[in-house]
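Biologist: I'm new to this one and would like to know what the labels rest on. Could you show me the structure and take me through it?

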Amino acid sequence: MNAADKKKRIALYSFFYTALFCASMALAYYTFFKYDKTFIKDGDATDQHLKALLYYGRWLRTVAHSIFVEHRFEIPTYDFGIGYGGGIITTLSYYVIGDPITIFACLVPDALMAKFYSFIIVVRLFCAGAAFSWYCFYRKKDASLLSVGVASVMYVFCAYVLRSATKHPYFMVPMIWLPLLLLGIDKIIREKKHILFIVSVAVSCLSNFYFFYMEVIFVVLYALFHVIKSSKNKIFTLILMLRDGIVGVAIAAPILLPTIIQILGDTRSSMEYKIIPVYGKEYYRYLPGGVISSYFKGYWTIPGTTFLAGSCILLALLFLKKYTSNKVAIFLCLLTYSIPVCGYILNGMSYVSNRWNWFFVFCICILVVDSWEDLVTPSLGLIWKEWVLTIVMTAIFWRLYRYSPVRFKSDIILGVSLMLILLLIRTIASVICLKYQKGADEAGYKNKCKMIIGISVLLLTLFSLKMHGVYTFEKEYDNIAEAYVNEDVDIVSELINSPIKQIRENYQNEPSYRISGSYDENATLFHGLSSTKFYFSLSNPYICEFIQYVGKTIPSTYHYSGLEGRTFLNSLTGIKYLISKSDRDVPYGSVQLDEKLFENPNALPFIYGYDNVSRKADADEHTVLEKQEMMMQTAIVDSESSDADELFTMLSAKEVVFTSENVDYEISTGDNVTYDENTGEFVVTADNAVAHIAFEGKSGCETYLCADDVTYALPGDDDSLTYYLSRLESKRAAVQVRSISGGEVYTSRKMDICDKTFRWRNGIKDFVVNAGYSETALEGFELTFVNAGTYRLGNIAIKCQPVDAITQYVSDRTEGISAQVNFNDNNEAYAISHIDANVSLDKDKLLVINMPYEEAWTAYIDGKKAPIYRVNTMFSSVYMEAGTHTLELKYHTRGFGIGWFVSLVSICVLAFLIKREKR
C-alpha cells in the first residue's frame, strides 16, 4: 500500500470510527440524555473526583502565577483544606495530577468545570477506541475497517466502562495506554523503534500509578511471549525493553516517587487482611454468562462485552491450530478471574478485586478482529458445527440461569438470542453462496454476503450496546443513572458555596483552628480550612493511627469524619467550629452561633505547649479514655526516634490525673440475638436484632461504651472451603448505638465493624463510643445489630468521664505562650509551602504545631534547623527555649525534588534516543 492510499485509508477509518463512536455513545448512554443527567455521580464524583478536578484547576493556576507572574519557582504542595492537612501531590495523584487530559483544567473557570468533567470522560472514551484501533491496524495491516470499528466500540462501551467510566473516570486510563504500550513493544520487536514505548510508559505512569502497576504485569507477560516467539536476539531485546521501561518510569519520577513513598507508609499496606481461598458458588455460576452480559456480581468482576464475544469464542474453539494465542489469553484471564489470590496480586496486594477487566475485554476484542474473516465468510461446513456448540451453550446457560434474577436472565436471553440471530443470518448467506457457487459471479456473491454479514454484526452490536445501557442505567433494571446529578443543577456552585465558605468569610479566614460536624466530604478543600473530614484514597498514616489510638469508629482508613463531640479530643485537635443539628453532638461548653453552627471556646490554637512529656510506651498501658485525658496534661512523645531521647532530658515527666469511672451494667437481649457473658459474643440470627445495656450513669459527664478486641464473623463462618463457597462478597457490619435518657433516645452513634475478609477495613479493634455530654445521668444503651452474624465485644465497660477540667487544661497548654502565625496561603488554591511564626515563651516548652506529623516538614528556629517530634500520635512539635524566637516550617514533598532531577536526566536520554532513531 503506497503512502497516498494509506492516508486515504486512515482518513476513511477516522471518519467511520468517529461516526460509529458517536452512534454508540448515544445508544449506550441514551438514558442520561433521556432524563437530562450529567456524567457526575452523586457520591464518589461529587465527594472526590469533581472536587479534585476543581481544586486541581485552581492549584495549577496558583503554580503558574507563582512562576510566571511572581517569578518564584516555588511550588506550594501542602494544603490545610485536605482533611486535617495534607500533601497535594500525594493526595491527588490518584485522581488528577499527572493525567495529560486533566491538565487543561487550569484553563477552565469554576463555573464550567462540571461541563469539562463530563467532556473529558467522553474524550477518554474516544481516545481508548482510537488507541485500540491504532494497535489493531499495526498488528494486522490488512484488518478490515469494519472489523476494527466494531471491535473498538465493543472495547470502549464494554460493561466495565458502563459501570466505571462515569463513576470513577480514571478507571478509563489503562484502556487508553494499554494498546499503546503493547504497540510500543511490537515496534521494538519489528522496527527497533523505542520512542513510542518510552513515552507510553511515562505518560501511563504519570496518569495513574494504581493502574500502571497492573499494566506493567500484562505488558511484561506480553513482551516475554512475543520476544520468545518472534525475536532473534531475545536477551538483548528484553534488555532494551527493560532500559526503555526504566527511562519511561524515570520521566514520571516527580509524581511517582512521592506517591510510592506515600503508599509504602499508607495504613492499608500494614492492615491485617485475610485472602479468601475461593469465591462463592454464585460467583462462579455467573462468571460464564458475564462474558456476554453487563451483569455485575461482586469483586469488581465485570468481564462483559457483547454477544459477539460468545460468537467469536465458539468460532475460535472450532479451529485447533488457529487463534491459539487468543484462546490461551482468554483462558488464562478466566482462570485469573477464578482464583482470588490473583485478584489480590493484581490489585496491588491490598484486597481481592478484579479491576483489570479492561485487559480481558482487550483480549476479547482482539479475537473479534482476528476471527473477523472467518466470522463473515459464508461456510456451511463451519456453521453447522457452530450451531451444535451454540445449542449446547444455550442448554448450559438455561440450566445455570433459569432461576436467576430477572435482570441477569434478561441480559443472558438477549446475548444468546443475538448469537442465534447472527448464526441464522450467516446460515442464510452461506446457503445463498452455495446456490451460486458455480455461477460466473461467485466471487461477487460471496463478497456481497460477507458485506451483509459484516453489516449485520455491526447493527446487532449497536443494538447490544443499547440494551446493555438500558440494563445498566434504566429504572426498571440496575437504575444506576438515578444517582447522577441532573443537568439543571449547578453542582459546582453547591460544592463551593457550602457552610465552610460562610465560616471562612464570617468567622475564620486562616487555618488556625479546625472545623468538624455534618457537611459534605472534602468540603474544606476549596477554602483552605482544616477539618476532621477526609475521603481520598491515600492518606497520612499518622492520622489514621491517631483515630485508631482513641478508638473512634470510621468506615475505612482513608475515610474518616469527626470525633463524636469528645470534649478532650475536640480541644486537642483545635476544633473551634462545629456544624451540627443538635447540641448533643458537640463538645462540652460549646456556644451556638447559628441554627446549625457552634463554637467551641476550649479549642487549642495552632501553637500550644507542654512543659512535661511522657513516653508513648507508658501511655499505651492506659485505657482510651485515660489516654485522651492524659494528652490534655502531658505530651505523649513517640520515643522511637533517636532525637526524642534528648527531649526527655530537657523536659520532666508529670503525674497525670485520671477522672473516668466505671459504671455497673446489665445486658439483656431481644428476639434473634443471644449473649454469652464468658466470650463477649452476641450471636445475631436476623438483621436489626436489638440488645440493651442498662446502667445508672453520672450527671455532668460524657458517657462511653467501651469494648476491646471487637470482631465480626458472618453466619456460619468456620473458615472452611464449604463456607467460602456458600457466601457472596464479604461485608462491613454495623452496630447502631443509641444512648437512652428518660426513656428516650439521647444520641445515636454507629460502630463500623469489618469481617476479616472485608476489602475496606478500618483496622480498629478497640472501640469507644461517646454518647455525648449530659447534665443528667444516662440510663442505658440500645444496640441494634444491623447485620446477622457473630459480634464479639470483649471486656464491655460503661465509663463516665467528667470534662469540667477542660478550661484549666486549655489554660495550662496556652499559658506563657504568644504566637503570631503567617500561613502564606494568599492564593487561589490556599496552597502553602511554608509557615512563619513569631513565638514568645516564658519558659522552655515543647511546642505543639496543630497539624499532622509528616516527614516532609522541616523546622527552623531563629534560622537554625530543629528536629520535629511526633507527639500525641499524630501531631508535630518542636522544642523551644524561653524567650522570643522566629519559627519557620517548610514543606517539601518527599521525592518531588529528586524526582525532577531524575526526570530531567531521563528526558535528555529520551532526546538522545529520538535523535539516534531519526538517523
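Modeller: Let's start with pairing: two strands pair if DSSP finds at least two bridges between them. Strands (E, at least two residues) and helices (H or I, at least four) are DSSP runs, numbered from the N terminus. This is a predicted model, where local features need pLDDT of at least 70, side-chain atom pairs count only at pLDDT 80 or more, and totals for chains, interfaces and linings use all residues. Residues are numbered from 1 along each chain as its sequence is written, and side-chain values use heavy atoms, with hydrogens and water left out.

Biologist: How do you know that β10 and β11 pair?

Modeller: They share 2 bridges in the antiparallel sense, and at least two are needed. In β11, Glu599 is the bridge partner of Val591.

Biologist: Why is Glu564 called buried?

Modeller: Buried means under 20% relative accessible area (exposed is over 50%, partly exposed in between, with a 1.4 Å probe and protein chains only). Glu564 has 10%, so it counts as buried. Glu564 sits in the loop between β8 and α25, and its phi is near 55°, a positive value in a residue other than glycine.

Biologist: And why does Asn872 count as buried?

Modeller: Its relative accessibility is 0%, so the buried label applies. Asn872 is in the loop between β31 and β32. Asn872 also has a positive phi, about 50°, although it is not a glycine.

Biologist: What makes a set of residues a nonpolar core?

Modeller: The members are buried Ala, Val, Leu, Ile, Met, Phe, Trp, Tyr and Cys residues joined through side-chain atoms within 4.5 Å. The largest one here has 267 residues, and Tyr29, Trp59 and Leu125 touch the most other members. Helix α5 gives the largest share, 14 residues. A second, separate core has 27 residues, among them Phe80 and Val878.

Biologist: Which residues does Trp59 contact beyond its neighbours within four places in sequence?

Modeller: Contact means heavy atoms within 4.5 Å. Among the partners of Trp59 are Ile75, Pro76, Ile97 and Ala831.
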